[in-house]
Amino acid sequence: MLARGFTDPVHDSQGVFRAVMDALARPGTIQGLATGLEPPSPLTAELAAIALALADADAPLWLDEPLRQHPAVAEFLRFHTGARLTGTPSEAAFALVSDPAACPEFGTFAQGTPAYPDRSTTLVLAVSDLSCGEGWRLDGPGIRGGARLAAAPVPADMVERLGRNHAGFPQGVDLILAAAGRLAALPRSTRVTGG
Amino acid sequence: MPDPNPAARRPEAPDLTARRAVMALCGEAHPEELRRALLQLGAAEDPEDLRPPETGLVMTRGRIGGDGRPFNLGEATVTRAAVRLSGGETGFAYHLGRDRAKARLAATLDALWQVRGRRAAVEVALAPVAARRAEERAAEARRIAATRVNFFTMARGED
Amino acid sequence: MYVAVKGGEAAIANAHRLLAEARRGDSSVPELSVAQIREQMALLVDRVMTEGSLYDPDLAALALKQARGDLIEAVFLVRAYRTTLPRFGASEPVETGAMSLRRRISATYKDLPGGQVLGPTFDYTHRLIDFALAAEGEAPVAAESEPLADAAHAPRVTDLLGRDGLIEPSAADDGSPPGDLTREPLDFPADRALRLQALARGDEGFVLALGYSTQRGYGRTHPFVGEIRVGTVAVEFVPEELGFAVPLGEIDLTECQMVNQFHGTAEVPPQFTRGYGLAFGQSERKAMAMALVDRALRAEELGEPVGAPAQDQEFVLAHCDALQATGFVEHLKLPHYVDFQAELELVRRLRAEHAARHAAPKAGTAAEMKEAAE
């Protein structure tokens, strides 16, 4: 049976939008995210909330392999977002990744164009651990001095991937790391070095 | 990927034609006609909102030359509703315009139509709408027919 | 450069109250209802929908009421309203060939399968003011007659010409979604789908004038009205969650197929070409003008000399939107005090320099003459 969406679509979406915006504006900080959603597994409540708030008919979604294997996930997202589900990463406005360790190369997703760098994919990674004050060292716009962030699981070569992604600025992808009840972000403008 | 199993979420073809006909009829109905139909069906149950009725836009497309590639003509207001009966049947409505209450009534009728045993009763309850629309269309066709011209006859001038 | 001004809140609020009173007019005269505007100012409502690019007759009528009948202001209100709504998606392309016809005429063929019907038209009226309308009277009643058997099937005139290969076929649908200028900024050169979208929402007066200019020789297209049809079509939409086409209802449309001369090229034998117009509601003038300009804008594609205004897509598309035009023209009335101060000072300085040059010449000229004499 189809799971419910937001109880209060306007305000719930705005709350998620605010958390994502703050996380992207201040990389390395962790923002709270209460969702009240119970989406079909393995879609996490946080991935679902971000998709419901941000995806629509103009913003196609890409799902990773584990999500793709559960038709209930596609049905839930189609109904509540109206977004087209695409199998081509470079067409996606948002990519939902439930198994971040197996996330495809960031370069396979839409990188934007020099004239329209915003036409890129935002990757939403469902992580189980997320904490600040330890882990990678972050600097760049929105970070005073420096910041630290740790998340797991992530691809084994995460720091190298982020380095290549940052080097392509203004093109590249932005990352949202979402754990239970909280999220952080690594926009392409952030320089990340190993902790 | 796009669709894991498209056939799974599409009703069988003859069913689909009938369901679309009911949906079209609901779209053409006045809200009171839908209320009357529901009353006649004795549908006391107030279904759960899967998604509260909502007004949005659909971009209407035409075709270049009427038959070529599509182009975007302009948007139209569209209101949609989705409800679920206690038996699990989900009903949908998408209508031109901004009448949220009507969309919810239509979604309820779509859900009831999917209950196998009630399908015929839903169609009977909506028959007055079909009759009214058929009469309106016929009257319009008669008024239009009176303005049909035959320039050929006038040009010939020999009879 | 814009410099903010502050203050004026009370005056602005009062101006809006005065506007509300002026909108209502003499309160001893009955107020117009939205339904009255929708039913009795229907062609104006259609124009607001077409140029507002939003099909919703009640909303367009309400916008007209709020705008005191100002067309472009009503378009502004409708366009602003649409930005507050989510877009569910795009419809299936409407099938104008299956239109339920209220009017259908052709200037190219007398006899057409399905017949010609005049419908509710101003054509052949005498354009004499009808003073009887100044008084309230009985509702007029239209004549009726039984429709002929063939009335249900009315193929397009272009289909008839197409059968003999006398007219170019439309480019086939390759399944790719058309560009949308409300989503991506217009870039030049714009393809025909984008041009038609821009013309459809373009100002009727501007598009009409451009169409007229092609008739007067600024980019001739030798047009014939192949067909004009007015009527209702069904709109269908495939919601992602359902995966099948749901009938949304019916909308009124006006379509114009312009048939134009073409001499052919080395590759293409001589055949007629086409210009296309489509508009919401009964908007015949708009659809015709649109079809003329659509054809004019194809000059380059068809290897014709380009030079007239109506053939210049950047000129046409960048200036056809009434709202953009009025925004840029009307912004001139907003406070420009600081800019103007700067201009004032510049003019004063230039005047002072001019005066200085003018005062000096006597001495200067005398000196030059003296030099010349030496």
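Visitor: Welcome me in, please: at which pLDDT do side-chain atom pairs count?

Guide: Residues are numbered from 1 along each chain as its sequence is written, chains are lettered from A and ligands numbered from 1 in the order written, and side-chain values use heavy atoms, leaving out hydrogens and water. Because the model is predicted, totals for chains, interfaces and linings use all residues, local features need pLDDT of at least 70, and side-chain atom pairs count only at pLDDT 80 or more.

Visitor: How many residues of chain C are in contact with chain B?

Guide: Contact means heavy atoms within 4.5 Å. Chain B brings 57 residues to this meeting, and on the side of chain C the number is 82.

Visitor: What area is buried between chain B and chain C?

Guide: Buried area is the accessible area (1.4 Å probe) that two parts lose on being put together, summed over both. Carbon and sulfur atoms give 58% of it here, and the total is about 6200 Å².

Visitor: Which residue of chain C forms a salt bridge with B:Glu140?

Guide: A salt bridge is a side-chain nitrogen of Lys or Arg within 4 Å of a carboxyl oxygen of Asp or Glu. Between chain B and chain C there are 12 salt bridges. In one of them, the closest N and O atoms are 3.3 Å apart, and the partner of B:Glu140 is C:Arg102.

Visitor: Which element gives the largest share of the side of chain B that touches chain C?

Guide: Helices (H or I, at least four residues) and strands (E, at least two) are DSSP runs, numbered from the N terminus. Elements giving two or more residues to this side include helix 1 (13-28) and helix 5 (127-145) of chain B. The largest share, 11 residues, comes from strand 1 of chain B.

Visitor: How are helix 5 and helix 11 of chain C placed, roughly parallel or roughly perpendicular?

Guide: Axes are lines fitted to C-alpha atoms, for helices over the stretch in contact, and angles run from 0 to 180 degrees between N-to-C directions. The axes of helix 5 (residues 71-82) and helix 11 (residues 322-330) of chain C come within 10 Å and cross at roughly 110°. Angles under 35 degrees count as roughly parallel, over 145 as roughly antiparallel, 65 to 115 as roughly perpendicular and the rest as oblique. The two helices of chain C are therefore roughly perpendicular.

Visitor: Which residue joins A:Ala152 through a cis peptide bond?

Guide: Most peptide bonds are trans. One cis bond runs from A:Phe169 to A:Pro170, with omega near 10°, and A:Pro170 lies in the loop between helix 5 and strand 8 (174-179) of chain A. Another has omega of about -5°, and there the partner of A:Ala152 is A:Pro153.

Visitor: Where is C:Arg68 found?

Guide: Most residues other than glycine have a negative phi. C:Arg68 is not a glycine, yet its phi is positive, about 60°. Its place is the loop between helix 4 (57-66) and helix 5 of chain C.
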